[in-house]
Amino acid sequence: MEISGSRVLLTGASGGLGAAIARDLSRRGADLVLTARRRELLDALAAETRGRVVVADLAVRADVEALIEESRGVDVLVLNAGVGADVGIRSETAEHVDTTIDVNLRAPIVMAVAFAQHKLSVGELGQIVLVGSLSGLAATPDTRMYNATKFGLRGFAHSLRQDLDGSGIGLTLVSPGFIRDAGMFAEGGIDLPPGVRTKSPADVAAGVVRAIESNPAEVFVSPVELRLAATLATVAPAFSAAVQKRAGTAQMKSGS
Ligand SMILES: NC(=O)c1ccc[n+]([C@@H]2O[C@H](COP(=O)([O-])OP(=O)(O)OC[C@H]3O[C@@H](n4cnc5c(N)ncnc54)[C@H](OP(=O)(O)O)[C@@H]3O)[C@@H](O)[C@H]2O)c1
């Protein structure tokens, strides 16, 4: 789909990657609806990108319904919002489990389904972009809910894409690895083991642009070696866990 002149609804617009995606799409002539919970950040970004702000909490079902109504007026849905911070197993709670599932999995699923159903019923073209993660392929210590939701999102994306084949509604999963400078990884203050390479928020935005313009099944925004390691983890998770243990991933995550 051509970006110039398209109408795009972007979730997680107040975040590190969302802001980069919004700026890139705006530069290319998209008309943006920016959504998240933090109004001040959204207002500042909207002033810069000529976007419109809709404040919504993806853990609140009425807010998700309101966003579904908003999505009827757009051509492209970029479902980028996510929560990353997991807790040690002794501190896990049902509330945290519910919130992570609501924001990372339920909201993008119901929004994508409703958008597809609407486009099918009115016979319009559309593009869905889901922002997943390499954590949708490889599990790491102390990220159980993030892994659970990103694995789930990846399965959903590749299935719905097949359901929509030939309908004029495209769907792409954008799967970033570690992103520097802004966003949940950069703000987490985690030091990577030597030699592990990162990508930038602008690279993620370029991945979203490619998704909208070319509708590939999946866009990996990561160095090739990280993508290969994550792909290997899908068929050999115990081997992946052993390699991570040797590399000190668990100590890295606990900050010790
Ligand atoms: N950064 C990375 O290295 C990396 C790597 C792989 C994948 N990803 C994925 O990229 C996406 C964007 O992440 P990011 O790095 O930009 O993270 P971020 O800076 O923490 O931004 C997260 C965004 O999600 C929104 N959000 C969180 N909870 C919400 C809720 N209950 N309701 C509505 N919006 C909510 C936040 O907005 P409010 O707080 O204002 O509501 C914010 O806009 C996520 O899906 C993440 O999993 C990131």
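Good morning. I begin with the ligand: 27 residues surround it, and the closest are Gly15, Arg37, Gly82, Gly183 and Phe185; a residue is near a molecule if its C-beta atom, placed from the backbone, lies within 6 Å of it. The model is a predicted one, in which local features need pLDDT of at least 70 and side-chain atom pairs count only at pLDDT 80 or more, while totals for chains, interfaces and linings use all residues. Residues are numbered from 1 along each chain as its sequence is written.

The shell around the ligand divides into 14 nonpolar, ten polar and three charged residues, with Gly counted as polar. Helices α1 (16-27) and α6 (184-187) each supply at least two residues of this shell, and the largest share, three residues, comes from α1. Helices (H or I, at least four residues) and strands (E, at least two) are DSSP runs, numbered from the N terminus.

The largest nonpolar core has 55 residues, and Ile21, Leu77 and Val129 have the most contacts inside it. Its largest share, six residues, again comes from α1. Such a core joins buried residues (20 or more other C-beta atoms within 10 Å) through C-beta atoms within 7 Å. Leu77 touches, among others, Leu9, Met111, Phe115 and Val129, a contact being C-beta atoms within 7 Å.

Finally, the strands. Strand β2 (residues 31-36) pairs with β3 (residues 52-55) in the parallel sense over four bridges, where pairing requires at least two DSSP bridges. Val33 stands opposite Arg52 in β3. With helix α2 (residues 39-49), these strands make a right-handed β-α-β unit: with the strands pointing away from the viewer, the path from the first strand over the helix to the second runs clockwise.

Methods: A residue is buried if 20 or more other C-beta atoms lie within 10 Å of its own, exposed if 12 or fewer, and partly exposed in between; C-beta atoms are placed from the backbone. Two residues are in contact if their C-beta atoms, placed from the backbone, lie within 7 Å. Lists of a residue's contacts leave out its neighbours within four places in sequence.
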